[in-house]
Amino acid sequence: MSKRKPLVVVTRRLPDAVETRMRELFDVRLSPDDAAMPADALAAALREADVLVPTVTDEIDAGLLAQAGPNLRLIANFGNGVDHIDVAAALERGITVTNTPGVLTEDTADMTMALILAVARRVTEGARIIPDDDWTTGWSPTWMLGRRITGKRLGIVGMGRIGQALAKRARAFGLQVHYHNRRRVPAAIESALDATYWESLDQMLARVDIVSVNCPHTPATYHLLSARRLKLLKPEAIVVNTARGEVIDENALARLIEAGDVSAAGLDVFEQEPAVSPRLVKLARQGKVVLLPHMGSATYESRTDMGEKVIINIKTFMDGHRPPDRILPSML
Ligand SMILES: O=CC(=O)O
């Protein structure tokens, strides 16, 4: 009697090469239309699948996990952040959860640097002027002035892989690197990055010109940049976030920018994606914030490599071994 092949259900379209490989390796059900999976379809997938491959757009909470079928053994997330999955509830049910770390580090750090430059030098605002036929006066000594970044202080909140990759880029741009992290990074890394550690996030925030959020969203980092902490920033400070919207109190940030207490922001992530606060959208129209639709890892290379990581995690798991990118309780 032939053994049933495990069913792998994928919630969104993945790069062609990844889908082709999955078809070769697994009994796979791919997304026909790339729409975010509605909750009832997600529940049905959890009931049927042996392996679920979700993305950040799938909210997998304890209630949904309670409906999982007995076959569901692995949730192989396509993406680094797993804050959309109740991992503790999954682990309690004996379901392994994996992610795709490492392969999107450089691209996300690039996008963070791009946002810093875009905000400080008004790149997106400037880029609209010619297509909108608004360049009537020609070059002017006092028009479209931004802020120099060379010599300024960058405060990185979360000095993991992406934070460190950002620090390298920032050094090349002549920024002074400061950071806050749960744990101080090893001295060799700190000295290679010429980075100054701040045990107190509050103290760092009061001293930096640019703050970049590069930590995961966990219960401990929810609204880490709270209204109180954002108020510690200098009025000319720029806030950048390519991690998760929930780490910043988005409404408080919008209020402070409206009041001129914080200068500007570059955000790639939001608290209620894909909905974005109308206040932030208004500020974007006024050129005070740059908003990107969650594009940090959006390169062909990252997305293909993420898919390969998902495949390796599934394959290793199916072969009876521990997949390399398991989320452990200590990471939650
Ligand atoms: O946001 C994207 C990811 O977590 O990989």
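How many nonpolar, polar and charged residues make up the shell around the ligand? In this predicted model, the shell has one nonpolar, four polar and one charged residues. The residues around the ligand are Gly 79, Asn 80, Gly 81, Leu 104, Arg 244 and His 294. Leu counts as nonpolar and Arg as charged, whereas Gly is grouped with the polar residues.

From Asn 80, a polar backbone atom lies 2.6 Å from an oxygen atom of the ligand. Arg 244 contributes a polar side-chain atom, at 2.7 Å from a ligand oxygen. In His 294, an N or O atom of the side chain is 2.6 Å from an oxygen atom of the ligand. On its own, the ligand has 190 Å² of accessible area, and the protein covers 86% of it.

The fold contains an open sheet of seven strands. Its order is E8-E7-E6-E9-E10-E11-E12, and the pairing is parallel. Strand E8 (195–197) and strand E12 (289–291) form the edges. Each has a single partner strand, so one side of each is left without a neighbour in the sheet. From one strand to the next, the twist averages 20 degrees.

Within this sheet, strand E6 (residues 153–157) pairs with strand E9 (residues 210–213). The two run in the parallel sense and share four bridges. Val 157 has Val 213 of E9 as its bridge partner. Helix H5 (residues 105–120) packs on the sheet. Its contacts are with E6, E9, strand E10 (238–241), strand E11 (264–267) and E12. The direction of H5 makes about 150 degrees with that of E10. Helix H11 (residues 250–258) also packs on the sheet, touching E10, E11 and E12. The angle between the directions of H11 and E11 is about 145 degrees.

A second open sheet has five strands, in the order E2-E1-E3-E4-E5. Here too the pairing is parallel. Strand E2 (27–29) and strand E5 (96–98) are the edge strands, and each pairs on one side only. Neighbouring strands are turned by 20 degrees against each other on average, direction ignored. Strand E3 (residues 51–53) and strand E4 (residues 74–76) pair in the parallel sense over two bridges. Leu 52 has Ile 75 of E4 as its bridge partner. Helix H13 (residues 300–318) packs on this sheet. H13 touches strand E1 (7–10), E3, E4 and E5, and its direction makes about 160 degrees with that of E4.

Two loops carry backbone features of note. Glu 273 and Pro 274 are joined by a cis peptide bond, with omega at about 5 degrees. Pro 274 belongs to the loop between E11 and helix H12 (278–285). Arg 122 is a residue other than glycine with a positive phi, near 55 degrees. The loop that holds Arg 122 lies between H5 and helix H6 (123–129).

Notes:
Residues numbered from 1 in each chain as written. Predicted model: local features only at pLDDT ≥ 70, side-chain atom pairs only at ≥ 80, totals over all residues. Heavy atoms only, no water. Pairing = 2+ DSSP bridges. Axes fitted to C-alpha atoms, helices over the stretch in contact; angles between N-to-C directions. Contact = heavy atoms within 4.5 Å. Near = heavy atom within 4 Å. Polar contact = N/O pair within 3.5 Å; in protein donor to acceptor, adjacent residues only side chain to side chain. Areas by Shrake-Rupley, 256 points an atom, 1.4 Å probe, with all protein chains shown as cover.
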